[in-house]
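Grab a pencil and work through these exercises with the model open beside you. Each task is followed by a solution in steps.

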Amino acid sequence: MSTGGVEIDPLPFFRDSVFYLLAVASIFGTLLRGSMSFAEACAICCLYVMYLMAVLLPRRIAAVLNKWNESADGMETTNEGYVTPPEEPLERRATTELLDDVDGYTDSRGEPDSSDETVSDADDSGVATRLLEVLRMPVLLMLKVTMPEIGKPLSRQSRWAVSLLPITSPLFFAAVARFLNDNLITHPGLWFGVACGSVGSIVLYLSWPAIVGVSAPLGIAERFQKFLTVITFVQAVTWMDAAAGELVALFGAIGRISGASEALLGATVFAWGISIGDLVSDTTVARRGMAKTAIAACFGGPLFNLLVGLIGSMVFATASRGVISGIKLENEIILLASCQLLAVTYLIVGIPFVHKGRVSRVAATGMLGFYVVTQVLIALTSGQVIFKDPWM
């Protein structure tokens with residue numbers, strides 16, 4: 001983040017903040033009543049459908065209107081007879097910008113990031129850096145053989161690494177999803193999958209020149225790149241799930257040894273473990289110069305967890321068992337939800353009007369400070385230091 005802060009798009013930020021406020025308020029208000037019916041769960045879950053429509057429909061409608069206007073007006077030319085060249089496709093522009101940023105990404109102002117020099121100078125810092133590089137090698141090797149690199153053109157990618165994906169990617173996904181531990185995939189089925197993946201690897205290795213070579217059919221490299229992008233997305237989610245699962249297990253063991261309550265663990269260490277993947281991905285996207293995309297992802301992830309993860313499970317539970325009653329929220333959860341409502345209300349009112357649509361370093365520090373205060377209050381409540389009497 002630069003010293004001037006991050007400028008946000010007012011309408012998308014307001015839309016995301018309002019939907020998050022509605023999600024937290026509706027779930028919190030329903031659970032405070034102590035029960036939830038099938039109709040209530042479906043109504044709350046429909047908020048996510050409305051959110052997707054609010055995000056996708058305006059852009060689709062604008063694209064249809066622009067296409068209709070272009071077809072009505074025809075090709076525009078300048079007064080001197082110069083024909084306006086067609087705009088480069090969005091996918092090609094995005095790929096070109098990403099490839100331009102491989103050696104040194106730029107910030108949101110288009111200026112080179114000076115941190116590259118710091119990283120290059122730190123490579124010679126000594127034994128600690130070399131030891132860290134050695135420790136990173138197994139992880140980087142696993143990443144390379146299980147997930148494609150979409151930041152490079154196909155001609156610069158390792159032929160062997162891409163050819164191994166039909167074997168390594170399904171095995172890694174099945175291992176992380178616990179298909180092997182839960183006996184959802186038997187040993188004969190596992191070996192059959194490995195055999196099919198081996199055939200796919202051989203075919204991919206032999207056909208590699210026909211995909212990236214000079215004589216390759218027009219457009220086949222771009223279509224294959226899109227296919228690899230889909231695989232990268234799935235594998236990235238799988239890697240984040242694996243890392244979050246291990247962190248949650250580690251933090252859970254530490255919490256149980258220390259005797260902390262489940263509500264405190266859920267509001268602190270479990271939340272931190274689950275959010276590690278979002279923190280890394282959002283930070284990476286922001287450092288690539290796409291801070292607005294990172295801000296939108298900060299709302300999209302929690303909305304999906306609340307409305308699809310939590311309320312989606314409530315829909316299935318109420319559909320099979322009827323009305324769920326007897327719900328009692330602990331003081332820590334009530335305090336956490338109340339602080340979230342206060343924080344999101346401040347985002348809706350404070351960022352557009354007080355900070356003039358810009359998240360400055362002072363505002364970001366204040367939000368982090370409010371989060372720290374919230375965690376301290378939850379810890380004190382869990383330790384029976386404050387709010388000793390149950391509220392429900």
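A polar contact is a pair of N or O atoms within 3.5 Å; within protein, one must be able to donate a hydrogen and the other to accept it, and residues adjacent in sequence count only if both atoms are side-chain atoms. Before you start: this is a predicted model, where local features need pLDDT of at least 70, side-chain atom pairs count only at pLDDT 80 or more, and totals for chains, interfaces and linings use all residues. Residues are numbered from 1 along each chain as its sequence is written, and side-chain values use heavy atoms, with hydrogens and water left out.

**Exercise 1.** Work out where Thr232 sits and what it touches.

Step 1: Find the helix. Thr232 belongs to H10, residues 220-258. (Helices are DSSP runs of H or I, at least four residues, and strands are runs of E, at least two, numbered from the N terminus.)

Step 2: Check burial. Thr232 counts as buried because its relative accessibility is 10%. (Buried means under 20% relative accessible area, exposed over 50%, partly exposed in between, with a 1.4 Å probe and protein chains only.)

Step 3: List the neighbours. Leaving aside residues up to four places away in sequence, Thr232 touches Met147, Pro148 and Ile150. (Contact means heavy atoms within 4.5 Å.)

Step 4: A polar atom of the Thr232 side chain lies 3.4 Å from the backbone oxygen of Pro148.

**Exercise 2.** Compare the span of helix H14 with what you'd expect, then look for a kink.

Step 1: Do the sum. The expected span is 1.5 Å times one less than the number of residues. H14 (331-354) has 24 residues, so it should span 34 Å; its end C-alpha atoms are 32 Å apart, which agrees.

Step 2: Find the kink. H14 has one of about 30 degrees, centred on Leu347. (The bend at a residue is the angle between axes fitted to the seven residues ending there and the seven starting there.)

Step 3: See what comes next. Just after H14, Lys356 has a positive phi of about 60 degrees.
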